[in-house]
Amino acid sequence: MGKFEVLDHPLIQHKLTIIRNRDTGTKVFREVVNEISTLMAYEVSRDMPLEDVEVTTPIEKTVKKQLAGKKVAIVPILRAGLGMVDGFLNLIPAAKVGHIGMYRDEESLQPVEYFVKMPADIDQRQIFVVDPMLATGGSAIMAIDALKQRGAHSFKFMCLVAAPEGVKALQKAHPEVDIYTAALDEKLNEDGYIMPGLGDAGDRLFGTK
């Protein structure tokens, strides 16, 4: 079973409370999502492999550590996942970015895939799938299904807020995937929204209704 971790760093928790507030406007919401994403990227990259490299300081030659060249791809689930990409790129600017477009059918509440565009070497990359909300789990499951169909095999999933139902569904469908969230909330309501949650992340990021 993959790892499930709530990233409870005080700065992450403080900033998450800011974006939960219904009175937080689009500009601040977008900026704070970016900040939380950077903090989360720092936490989830702890196990990236290192290698020895020779470096010459102003004093002498020495052998120290650098990242071992593990290729990284960030894959946001459109559209809300876009809000988490720049925060990740702040720390790992060489990462490639793929995109998976999904929308939720209002009748069935099931995700429908409409767009997939990935780096050519996606099978060689550590993939961070990002979406602010893990609600029913349907979009995350379908996104990872789509990536596996294209040869990818190394995944971590990162969200801001998760519902227990979504975590359980994702773990059942893809038990090897590590899941990182800033908060594990109470439950889903009858409309499939996380309670207490933060509303519709896409609408709040982009100022739409």
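Analyst: A crossing is left-handed if the near helix is turned anticlockwise from the far one by less than a right angle, and right-handed if clockwise. The crossing of helix 1 and helix 2 is left-handed. This is a predicted model.

User: Why are helix 1 and helix 2 called roughly antiparallel?

Analyst: Helix 1 (residues 10–20) and helix 2 (residues 26–44) pack at about 155 degrees, and their axes are 9 Å apart. Angles over 145 degrees count as roughly antiparallel. The pair is therefore roughly antiparallel.

User: Which residues in helix 1 and helix 2 meet?

Analyst: Helix 1 brings Leu 11, Ile 12, Lys 15, Leu 16, Ile 18 and Ile 19. Helix 2 brings Val 28, Phe 29, Val 32, Val 33, Glu 35, Ile 36, Leu 39, Met 40 and Glu 43.

User: What makes up this contact of helix 1 with helix 2, by class?

Analyst: It has 12 nonpolar, no polar and 3 charged residues. Lys and Glu count as charged, and the contact includes Lys 15, Glu 35 and Glu 43.

User: How do you know whether helix 4 and helix 5 are parallel or antiparallel?

Analyst: Helix 4 (138–149) packs against helix 5 (residues 164–173) at about 25 degrees, with the axes 9 Å apart. Angles under 35 degrees count as roughly parallel. That makes helix 4 roughly parallel to helix 5. Their crossing is right-handed.

User: What makes the contact, and what is it by class?

Analyst: Ala 140, Ile 141 and Ile 144 come from helix 4, and Ala 169, Leu 170 and Ala 173 from helix 5. Ala, Ile and Leu count as nonpolar.

User: What is the volume of the largest pocket, and which residues are closest to its centre?

Analyst: The volume is about 710 Å³. The lining has 32 residues, and Ala 80, Arg 104, Asp 131, Ser 139 and Asp 200 are the closest to the centre. Elements giving two or more residues to the lining include strand 4 (72–78), strand 6 (99–104), helix 4 and helix 6 (201–206). By class, the lining has 18 nonpolar, 8 polar and 6 charged residues.

User: How do you know whether the peptide bond from Leu 78 to Arg 79 is cis or trans?

Analyst: Omega is near 0 degrees, and the bond is cis. Most peptide bonds are trans. Arg 79 sits in the loop between strand 4 and helix 3 (85–91).

User: What is omega for the bond from Met 195 to Pro 196, and where is Pro 196 found?

Analyst: Omega is near -5 degrees, and this bond is cis. Pro 196 lies in the loop between strand 13 (194–195) and helix 6.

How values were computed
Residues numbered from 1 in each chain as written. Predicted model: local features only at pLDDT ≥ 70, side-chain atom pairs only at ≥ 80, totals over all residues. Heavy atoms only, no water. Axes fitted to C-alpha atoms, helices over the stretch in contact; angles between N-to-C directions. Helix = DSSP H or I, 4+ residues; strand = E, 2+ residues; numbered from the N terminus. Parallel < 35°, antiparallel > 145°, perpendicular 65-115°, else oblique. Contact = heavy atoms within 4.5 Å. 1 Å grid on protein atoms, 1.4 Å probe; cavity = no way out; pocket = protein on both sides within 12 Å on 5 of 7 lines; lining within 4 Å. Points joined across faces, edges and corners; volume = space filled by probe spheres on them.
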